[in-house]
Protein chains: 2
Amino acid sequence: MHVLIVGASGMIGRKLAQRLIRDGVLGGGEISALTLVDVTAPETPEEFAGRVSVENLDVADPRAVEGVIAERPDVIFHLAAIVSGEAEADFEKGYRVNLDGARNILEAVRREGRDSAYRPRLVFASSIAVFGAPFPERIGDQFFTTPLTSYGTQKAISELLVCDYTRRGFIDGVAIRLPTICVRPGKPNKAASGFFSNILREPLVGLEAVLPVSEDVRHWHASPRAAVGFMVHAATMDLAAMGARRALTMPGLSATVAEQIEALRRAAGEKAVRLIRSEPDPAIITIVEGWPRAFDARRALGLGFRADSSFDEIIRIHLEDELGGRAQ
Amino acid sequence: MHVLIVGASGMIGRKLAQRLIRDGVLGGGEISALTLVDVTAPETPEEFAGRVSVENLDVADPRAVEGVIAERPDVIFHLAAIVSGEAEADFEKGYRVNLDGARNILEAVRREGRDSAYRPRLVFASSIAVFGAPFPERIGDQFFTTPLTSYGTQKAISELLVCDYTRRGFIDGVAIRLPTICVRPGKPNKAASGFFSNILREPLVGLEAVLPVSEDVRHWHASPRAAVGFMVHAATMDLAAMGARRALTMPGLSATVAEQIEALRRAAGEKAVRLIRSEPDPAIITIVEGWPRAFDARRALGLGFRADSSFDEIIRIHLEDELGGRAQ
């Protein structure tokens, strides 16, 4: 089995590649070849028995995309995107990478299959940014997509394309809407959602973190490990049960900031909690008010997708996967 | 005021142009210039005091679209599309005309506005084909769009683009989802929805018509005159009340085939009804089972859009607008 990860240098892409290499199989099939591509060349993984190809690829370049698809990967993970803030700041780049990029992949697959049958499994990483306020306290599976960012618009459009290309028989596709990833490893960044991770990750290593919103803010989370689990399940499950509706909100953990902090206290004590400095930021408060708080992701649960069960588990996963098992 | 109709040779486009020429004004502003474009050149209207320009335009050609937009029309009606059956039969043409065509118009407007302010009103003709079965008996305003045709996919994507280009300030846009138009003038055609019009239009002039489904089939209708009324209202109303959610299901008349036939009986008597020949067509029955039966179009009603009140009214409009006022 040949697996292609488009966007393999990103956080989820790297963790997905690690998981596939560790497993060696995907849905019972042995992974004989792995192609990792991104706009910044991914690292070449060690300890993989099969054939590995690591390439520089700009999804906005249709010829380059055709070259990768000509290898006829059996499973394609499409995770490449420029993030929300950049898509808002650079309108043209956002549409070129996030919309035309997805379309280039779909078109390359369709054209590749014109002369001899080719219908790969395609897993598209979508986002809860396809939803825009106002919405109900818990957003159901049949709620409409009214994005309030160009990024969310590009994701919603790509979902529609994945559904239509699937219905037409060009791919066997599914679009999965990932929750906000927490705890995101790395350094604090300026993303409006960064604090959800910062207030756990930093205190766990003895560093201060800023909380720009009130503790009663509720949001929808998944650990990096759960997100990779969604990807693998989406790549291996029987999609026929989904019919033509191939876009799916992933399950997640709905929690308040206060609940996050209580889990931090249980994991690392009061001294860790004291490293969180409250510093209300009106701009971030306004942005976060427009974000989903919870979903009723019944359909995904029925299809076997599983989220983290608590913030204690999310913190434990971060400790295991990033910090050798324990807080410092 | 300069008004541009893209897709002016189609049935709604022609009737919209006629209405604008008759009114001479749009939302209180005098129409000084009217540009009518379509892939087959529209007829040059007579009896219009202002400047008229009639042009051949393929919306799939970005340069040609830029040329028309460079004239800076104040109001743009975008009605051009290839129909559902053709978009399904010719995948590439459907995406080229219906998706890239809409995007070409939006991009031309955005680029035109880069150097000096330009933000026209844009009314996009969408369709209830953005919805796909299964759905509730009455589809609400917040129900998700899961099209089951490439045409519906292209319309749903264009709606998302209209919303994002509006949110970003490039246009003041609105996408209105038209019901099935009844009574559609002209000859019977092979469209699966054709019979809804055929069973009224043909008997009203003494000709036979075939009914391929059972009389209890329920569907969502609007007269051509009501559809033109939606367009004019969308072009002139204050859209700020819609916020960022600029896609809107139009009100319509939910009626069964039996109710259509009863209205025909009242308008033209038993001899007209006897011209309807029942000839069940399993293919059409299956297609029509997947179509919406009714909407709860509360939001559009609240915004002042008005539908036909009965099939008696729909038939009366057809008699007035197409047959000089009476059945033959």
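## A walk through a predicted two-chain model

Please keep in mind that the model is predicted. Helix α4 of chain B covers residues 91–112, and its axis comes within 9 Å of that of α5(B), crossing at roughly 10 degrees. Angles under 35 degrees count as roughly parallel, and α4(B) and α5(B) are therefore roughly parallel to each other.

In chain B, seven strands make an open sheet with parallel pairing, and their order is β5-β4-β1-β6-β7-β8-β12. At the edges are β5 (51–56) and β12 (247–249) of chain B, each of which pairs on one side only. From one strand to the next, the twist averages 15 degrees.

Which strands does α5(B) lie across? Helix α5 (residues 150–167) of chain B lies across β7 (121–127), β8 and β12 of chain B, and it runs at about 155 degrees to β7(B). Another helix, α7 (residues 224–236) of chain B, also packs on the sheet, where it touches β6 (75–78), β7 and β8 of chain B. The direction of α7(B) makes about 160 degrees with that of β8(B).

Helix α7(B) has a helical neighbour as well. The axis of helix α1 (residues 11–23) of chain B comes within 9 Å of that of α7(B), and the two cross at roughly 65 degrees. That angle makes α1(B) roughly perpendicular to α7(B). The crossing of α1(B) past α7(B) is right-handed. On the α1(B) side, B:Met11, B:Ile12, B:Lys15, B:Leu16 and B:Arg19 take part, and they meet B:Pro224, B:Ala227, B:Val228, B:Met231 and B:Val232 of α7(B). This contact of α1(B) with α7(B) has eight nonpolar, no polar and two charged residues.

Helix α8 (residues 257–268) and helix α12 (residues 311–322) of chain B have axes that come within 9 Å and cross at roughly 55 degrees. The helices α8(B) and α12(B) are therefore oblique to each other, and α8(B) passes α12(B) in a right-handed crossing. Here B:Glu259, B:Gln260, B:Ala263, B:Leu264, B:Arg266 and B:Ala267 of α8(B) meet B:Phe311, B:Asp312 and B:Ile315 of α12(B). Sorted by class, the residues where α8(B) and α12(B) touch are five nonpolar, one polar and three charged.

Now for a few backbone details. Most residues other than glycine have a negative phi, and most peptide bonds are trans. Against that background, the peptide bond from B:Ala133 to B:Pro134 is cis, with omega near 0 degrees. B:Pro134 belongs to the loop between β7 and α5 of chain B. B:Cys182 and B:Val183 are also joined by a cis peptide bond, with omega about 5 degrees; B:Val183 is in the loop between β9 (180–181) and α6 (194–201) of chain B. Over in chain A, A:Glu47 is not a glycine, yet its phi is positive, at about 55 degrees. You will find A:Glu47 in the loop between β4 (33–38) and β5 (51–56) of chain A.

Finally, let us see how the chains come together. The contact itself takes 18 residues from chain A and 18 residues from chain B. On the side of chain A that touches chain B, helix α5 (residues 150–167) of chain A gives the most, with seven residues. The residues on that side of chain A are eight nonpolar, six polar and four charged.

Conventions
Residues are numbered from 1 along each chain as its sequence is written. Chains are lettered from A and ligands numbered from 1 in the order in which they are written. This is a predicted model: local features need pLDDT of at least 70, side-chain atom pairs count only at pLDDT 80 or more; totals for chains, interfaces and linings use all residues. Two residues are in contact if their C-beta atoms, placed from the backbone, lie within 7 Å. Helices (H or I, at least four residues) and strands (E, at least two) are DSSP runs, numbered from the N terminus. Ala, Val, Leu, Ile, Met, Phe, Trp, Tyr, Cys and Pro count as nonpolar, Asp, Glu, Lys and Arg as charged, and the others, Gly among them, as polar. Two strands pair if DSSP finds at least two bridges between them. Axes are lines fitted to C-alpha atoms, for helices over the stretch in contact, and angles run from 0 to 180 degrees between N-to-C directions. Angles under 35 degrees count as roughly parallel, over 145 as roughly antiparallel, 65 to 115 as roughly perpendicular and the rest as oblique. A crossing is left-handed if the near helix is turned anticlockwise from the far one by less than a right angle, and right-handed if clockwise.
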